[in-house]
Amino acid sequence: MMRRKLVAGNWKMHGGLTQNAGLLDAVRDGMASMPDVDCAVCVPFPYLAQAQQKLSGSNVKWGAQDVHQSDKGAFTGEVSAAMLRDFGCSYVIVGHSERRAYYGESSHLVAEKFMAAQKAGLTPILCVGETLEQREGGVTEAIVAEQLDALIQLAGVQALRNAVVAYEPVWAIGTGKTATSAQAQEVHTFIRRRVASHDGQIASGLCILYGGSVKANNAAELFAMPDIDGGLIGGAALVADEFLAICRAGQI
Ligand code: PEP
């Protein structure tokens with residue numbers, strides 16, 4: 001099955017109003033000539049209004065990097081999915097390995113965040129992936145399965161109908177070490193098969209991104225793999241030409 005590619009940028013805690021303005025303009029303008037690839041930028045919360053203002057009416061969507069699991073309430077410092085919708089977000093990343101590692105987010109909590117996002121009409125991007133130690137210990141599949149199964153148990157496989165999964169090996173994030181296309185394909189196949197064991201149709205339509213040091217010079221090879229449906233891009237999403245070149249590699 002030929003799935004349309006999605007290239008999503010994860011800006012993390014970088015940038016500022018001035019720097020973002022140039023980046024958003026360049027991505028918006030560059031994407032105008034790439035109608036057959038989906039593109040999104042996930043920006044820090046304070047810049048959602050800027051993303052909305054710059055990207056409305058373009059073919060670049062925007063989103064956030066985290067969301068709270070509750071609809072509303074006394075959760076100082078947190079942001080709800082409805083608030084993200086207020087700023088026109090289409091996507092939200094949940095369970096990024098940095099959130100799991102630095103903020104102790106469990107797979108169960110990530111699944112709750114996923115559900116809150118979906119309930120509000122957002123498309124969650126569920127990040128899964130193993131550490132180097134786990135890969136070397138031969139437990140990559142067990143780790144990815146636990147992260148995926150937590151969602152399927154809580155929300156049912158139907159939750160994956162309008163969702164994105166991003167396979168991001170922790171050892172490849174921000175390290176310059178990319179998984180080889182074969183290594184990534186192997187885990188993507190595992191994810192698709194695991195979803196297929198519940199529902200074949202949902203599995204074949206599922207958008208599975210690869211993330212981990214994707215750059216302009218390795219994107220085409222990764223995107224050529226049958227189960228890699230695009231990329232979640234960190235560092236390279238902060239450089240317009242590099243990000244656009246990655247998007248170009250996603251064109252059908
Ligand atoms: C990420 O943070 O999701 C990521 C993939 O980062 P990088 O592309 O910099 O490895």
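Helix 7 covers residues 140-155, and its end C-alpha atoms sit 23 Å apart. That agrees with the 22 Å its 16 residues should span at 1.5 Å a residue, where the expected span is 1.5 Å times one less than the number of residues. Helices (H or I, at least four residues) and strands (E, at least two) are DSSP runs, numbered from the N terminus.

Keep in mind that this is a predicted model: local features need pLDDT of at least 70, side-chain atom pairs count only at pLDDT 80 or more, and totals for chains, interfaces and linings use all residues. Residues are numbered from 1 along each chain as its sequence is written, and side-chain values use heavy atoms, with hydrogens and water left out.

**Around helix 7**

- The buried residues of helix 7 include T140, V144, A145, Q147 and L148; buried means under 20% relative accessible area, exposed over 50%, and partly exposed in between (1.4 Å probe, protein chains only).
- D149, A150, L151 and I152 are also buried in this helix.
- Those buried residues pack against helices 4, 5, 6 and 8, plus strands 5 and 6.
- Just past the end of helix 7 comes G156, with a positive phi of about 85°.

**Nonpolar cores**

- The largest nonpolar core holds 69 residues; such a core is a set of buried Ala, Val, Leu, Ile, Met, Phe, Trp, Tyr and Cys residues joined through side-chain atoms within 4.5 Å.
- M31, L84, L126, L160, I191, Y210 and F243 have the most contacts inside this core.
- Another core, of 13 residues, lies apart from it, with I93, C127, V164 and A166 among its members.
- Leaving aside residues up to four places away in sequence, Y210 touches a set including Y167, P169, H188, L222 and I228; contact means heavy atoms within 4.5 Å.

**Salt bridges**

- The model has 16 salt bridges, each a side-chain nitrogen of Lys or Arg within 4 Å of a carboxyl oxygen of Asp or Glu.
- D229 pairs with R3, their closest N and O atoms being 2.8 Å apart.
- This pair links distant parts of the chain, 226 residues apart: D229 is in the loop between helix 10 and strand 8, R3 in the segment before strand 1.
- Both D229 and R3 are buried, and they join R192 and D227 in a network of salt bridges.
- D38 meets R4 at 2.8 Å, N to O; D38 counts as partly exposed at 28% relative accessibility, and R4 does at 37%.
- E130 bridges to R135, with closest N and O atoms 2.7 Å apart; E130 counts as buried because its relative accessibility is 0%, while R135, at 21%, counts as partly exposed.
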